[in-house]
Amino acid sequence: MSNMQLDTLRRIVQEINTSVSLHESLEIMVTQVSEAMQVDVCSIYLLDERNQRYLLMATNGLNPESVGNVSLQLGEGLVGLVGQREEIVNLDDATKHERFAYFPETGEEIYNSFLGVPVMYRRKVMGVMVVQNKKTQFFSEAAESFLVTLCAQLSGVIAHAHAVGNIDVFRKPNNAASYKTFQGASGAGGIALGRAIILYPLADLAAVPDREVDDISEELDLLDQAIEAVRKEIQSLDEKMLDSLMSEERALFSVFLRMLDENALPAEIKEHIRDGNWAQGSVKRVIDRHIALFAQMEDDYLRERVSDLKDLGRRILAALQESDSSHKELSSDSILIGEEISTAALVELPVGKIAAIVTSEGAANSHMVIVARALGIPTVVGVTELPINSLDDVELIVDAYQGRVFVNPPRRLRQRYKEIQKEEEQIAKDLKQYETKDAITPDGVAVKLYVNTGLMIDVVRGVQRGAKGVGLYRSEIPFMLRERFPGEEEQRAIYRQQLSHFANKPVVMRTLDIGADKDLPYFAIEEENSALGWRGIRFTLDHPEIFSSQIRAMLKASIGLNNLHILLPMVTSVSEVEEALYLLERDWIAVQEEEEVKITKPKIGIMVEVPSVLLQIEEFSELVDFFSVGSNDLIQYLLAVDRNNPRVSSVYSHFHPSVLRTLQRLVKECHKYNKPISICGEMAGDPLSAILLMAMGFNTLSMSSSNILRVRKAICHISMTDAQALLEKVVKMNNPLTVQSWMEYHFKTHGLADMVKSSRMLTV
């Protein structure tokens, strides 16, 4: 090949590799080949193994309406000949060949010369590429070589689309899911382009999506294995209940076994599998149909059997899911979607491969979002209209700054967002210089920036980015990652890691804070109003054995390091603190006696989350060493906004005048009693609000590791004098949007436009 041809090949291959869908790759190929070879027609036919036909998938030159509509049987026409021979067919006048087949809808009657090349992958024909010219002549050897090289590249793209198993490669482009935009709430800022992977709950029939598969025999085998496993499970239950239940009461087991007979439910499920749906989706469809039939019956007994049918369906589904981990096979562009994704479900996954998270439920300050923010994963929540089950492997753009999700975005939009991603990468590079700088204002005021941790990645990033300590260690994270309460020694080892990584620096460990949006998988707390329920210190004081185990582990972990501070969450009254202090004192004395070593008594603080604490700072000051504002919950309770409810998420704002005035008074009150006060909620990680918190006089700002550099840059560019003037101005405003707009304007006009989310937003 000539150098010009090689350059053309490289350009086409590069474009194909950066395309985001099979259809786009095919369109690029036919367009670029037509231009490069200067031919009148370039077309690609793919082999639809299910229907045993070659389908026209893309063309440049033939009638575009024929795409997706023209197909040939395996041995039909010249395309079928290329596939049958698995070799090149080069003709100067195709119409004279005995295998020529004419399709009027293509408009190809005016083209004479024909060059067809098989698209092969591991000795298997995937399709055929054809070029045609009006002029009657053979194509050159160089043209053949050029096309063979491109087909080799295309074969990998097609094979990947087949391997994914979540995309119907034979769907007509004009019938493909249309471009749509969905609005939610921004959880963790950022931009992501990629493909959706549905994270559905195990054994939840309602959450299982339809998914087309190529290997039908494999799905049938999986179903057979699952059915057999459920049969054995039911037989085992029947035997187990032999002496406990009467035969009439055990009749349900016999019914289940009859329903699992090869000619009953399994036969119906297999019909759906043979139609191309995967086993789990087929189970859902069959069970749903039977449930609908049962629900219409007049007989009360039969109507009541719906729950039994659901149970059987869940058992089959669970058996299938035991052997399936496809919903967890992530690539670097995987966008995780689901109705509601728990913290535990998130951290179990290879988080480094998650490009973004989108949920139809939840809100911007749920615990999962806080963890996602710490991990730097763009997150959009509360996308209530999102059709989750129909989005498996669909192309998405996630604009987590605006809370927008674009489904099947057009190429122009993708290109613009790729440009924004590059801008983001440049901003991240610029921020690297602040890893080694101290947070000191231009007029010489030093501000302590701490990191919030829970996972080890928080610790590593916090150290790397120069955090001066840990302002909040979420001790519930290791509890969430287990199937039981971790033992004292397990906890000690985990806490020791946290403390040792920040040796000679304070580490504030919050005692177990579960309840509300922080459920343990093995200790779910079901409440109608969980935000006001059994959570935080309320739970641990009701379970002193769990509280003491945790305190003992923390104390043992601190031996020789002496940097442990303990923080009590969800405090409402003085009596709660008194009871906790009694337990702390008892355990401190006991551990020293057991370990025969002197342990520095940790400083004890309480979280300011419940408004009642605001009015008792003097009384609490007599008991504790420091205060720490949990702004997420405090704002929730001040504004009467459930932060996990997307319907009212717009009301939640840390720029609300009441929030700013409350915090300003709180800082003055704490300083009046000589007690340090920090803030560890998400408000501290927003550069706009961080500047106001600095002006209020907070001793420490603690935030996700992903926000430290941004906040440090803002502090290094805005003097304390300017910050105090800004605070004095905005606390007099009466609208949170006005406050935010004023802060954004100040940042943009003082060289900090890159710190403002809206500066990177795209209007669509």
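The lining of the largest cavity is made up of 12 nonpolar, four polar and one charged residues. Here Ala, Val, Leu, Ile, Met, Phe, Trp, Tyr, Cys and Pro count as nonpolar, Asp, Glu, Lys and Arg as charged, and the others, Gly among them, as polar.

A quick word on the ground rules. This is a predicted model, where local features need pLDDT of at least 70 and side-chain atom pairs count only at pLDDT 80 or more, while totals for chains, interfaces and linings use all residues. Residues are numbered from 1 along each chain as its sequence is written, and side-chain values use heavy atoms, with hydrogens and water left out.

Back to that cavity (on a 1 Å grid over the protein atoms alone, a set of points where a 1.4 Å probe fits but cannot get out; lining residues have an atom within 4 Å of a point). It holds about 160 Å³ of space, a volume being the space filled by probe spheres set on the points. Of its 17 lining residues, Tyr45, Val79, Ala101, Glu108 and Phe114 lie nearest the centre. Helix 3 gives the most to the lining, with three residues. Helices (H or I, at least four residues) and strands (E, at least two) are DSSP runs, numbered from the N terminus.

Now for the nonpolar cores, which are sets of buried Ala, Val, Leu, Ile, Met, Phe, Trp, Tyr and Cys residues joined through side-chain atoms within 4.5 Å. Buried means under 20% relative accessible area (1.4 Å probe, protein chains only).

| Core | Residues | Some members |
|---|---|---|
| Largest | 100 residues | Leu663, Phe698, Leu701 and Phe747 among them |
| Another | 30 residues | Leu22, Leu26, Ile44 and Leu150 among them |

The four listed for the largest core touch the most other members. Phe747, leaving aside neighbours within four places in sequence, is in contact (heavy atoms within 4.5 Å) with residues including Pro687, Ile691 and Val756.

Elsewhere, Ser558 sits in the loop between helix 18 (544-557) and strand 18 (564-568). Is Ser558 buried or exposed? Ser558 is buried, with a relative accessible area of 2%. Beyond four places in sequence, Ser558 is in contact with Arg496, Leu499, Leu564 and Ile599.

Finally, confidence. pLDDT is the predictor's confidence in each residue, from 0 to 100. The chain's mean is 83, and 84% of its residues reach 70 or more. Over residues 163-177, though, pLDDT stays under 50. Where pLDDT is low, the predicted coordinates should not be read in detail.

Key
Buried < 20%, exposed > 50% of the residue type's maximum accessible area, 1.4 Å probe, protein only. 1 Å grid on protein atoms, 1.4 Å probe; cavity = no way out; pocket = protein on both sides within 12 Å on 5 of 7 lines; lining within 4 Å.
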